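Hi,

Here is the structure I promised to pass on. Have a look at it first, and then read my notes below.

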Amino acid sequence: MPNKNYLKGVRLERKAKAELEAQGYHVTRASGSHGLYDLIAVHPDYPVRLIQIKTSKSSSKLDRMLRAFLKKPPLERAAMEYYRQEMWVWFDKTWWMESTI
């Protein structure tokens, strides 16, 4: 049986996926992955969204996650027109989002 943190993460990834699909995106979830992104969202009219999903109960943890996310190397300048790196955090029963681009 997977641990409750893993199950919560999967639930939030699926929730985010459903929200993006409702906006017309085709979304791929990197299940079981420990890669850079949890979701890849593609829409014909917008840049590809590379999304990391996190959860936090405290604003100080949210702050630390944001600082770590912003330290990630950005995409190559040439790719920035086509891709956006994002972090979505489930905080206080709502989404809080940050994008590097």
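Is K4 buried or exposed? K4 counts as exposed because its relative accessibility is 70%. The cut-offs behind those words are under 20% relative accessible area for buried, over 50% for exposed, and partly exposed in between, with a 1.4 Å probe and protein chains only.

Before you go further, please keep in mind that this is a predicted model, where local features need pLDDT of at least 70, side-chain atom pairs count only at pLDDT 80 or more, and totals for chains, interfaces and linings use all residues. Residues are numbered from 1 along each chain as its sequence is written, and side-chain values use heavy atoms, with hydrogens and water left out.

Back to K4, then. K4 sits in helix α1, which covers residues 4-22. (Helices are DSSP runs of H or I with at least four residues, strands are runs of E with at least two, and both are numbered from the N terminus.) On the surface, K4 belongs to a patch of positive charge together with K54, K57, K61, R64 and K93. A patch like this takes residues with over 30% relative accessible area and no salt bridge, and joins like charges within 9 Å.

K8 counts as partly exposed because its relative accessible area is 23%. In sequence K8 and K54 are 46 residues apart, yet from C-alpha to C-alpha the distance is 9.9 Å.

Now for the salt bridges. How many does a search of the whole structure find? There are 4 of them, where a salt bridge means a side-chain nitrogen of Lys or Arg within 4 Å of a carboxyl oxygen of Asp or Glu.

K17 is partly exposed at 23% relative accessible area, and E21 is partly exposed at 37%.

Another salt bridge pairs E86 with R49, again at 2.8 Å, N to O. This pair links distant parts of the chain, with E86 in strand β4 (residues 83-91) and R49 in strand β3, 37 residues apart. So are they buried or exposed? E86 is buried, because its relative accessibility is 2%, and R49 is buried too, with a relative accessible area of 9%.

E86 has a salt bridge with R84 as well, whose closest N and O atoms are 2.8 Å apart. R84 is partly exposed, at 28% relative accessible area. Through shared partners, the salt bridges join R49, R84 and E86 into one network.

Last, the strands. Strand β1 (residues 26-29) and β2 run antiparallel and are joined by 4 bridges; two strands pair if DSSP finds at least two bridges between them. R29 has L39 in β2 as its bridge partner. β2 also pairs with strand β3 (residues 46-56), in the antiparallel sense, over 4 bridges. There, H43 has Y46 in β3 as its bridge partner, and a hairpin of 2 residues joins β2 to β3.

Cheers

Definitions and conventions
Patches are made of residues with over 30% relative accessible area and no salt bridge: like charges are joined within 9 Å, nonpolar side chains (Val, Leu, Ile, Met, Phe, Trp, Tyr) within 5 Å. Accessible areas come from the Shrake-Rupley method with a 1.4 Å probe; for residues, only the protein chains shown count as cover. Lys and Arg count as positive and Asp and Glu as negative; His and the chain ends are not counted. The place of a charge is taken as NZ of Lys, CZ of Arg, CG of Asp or CD of Glu.
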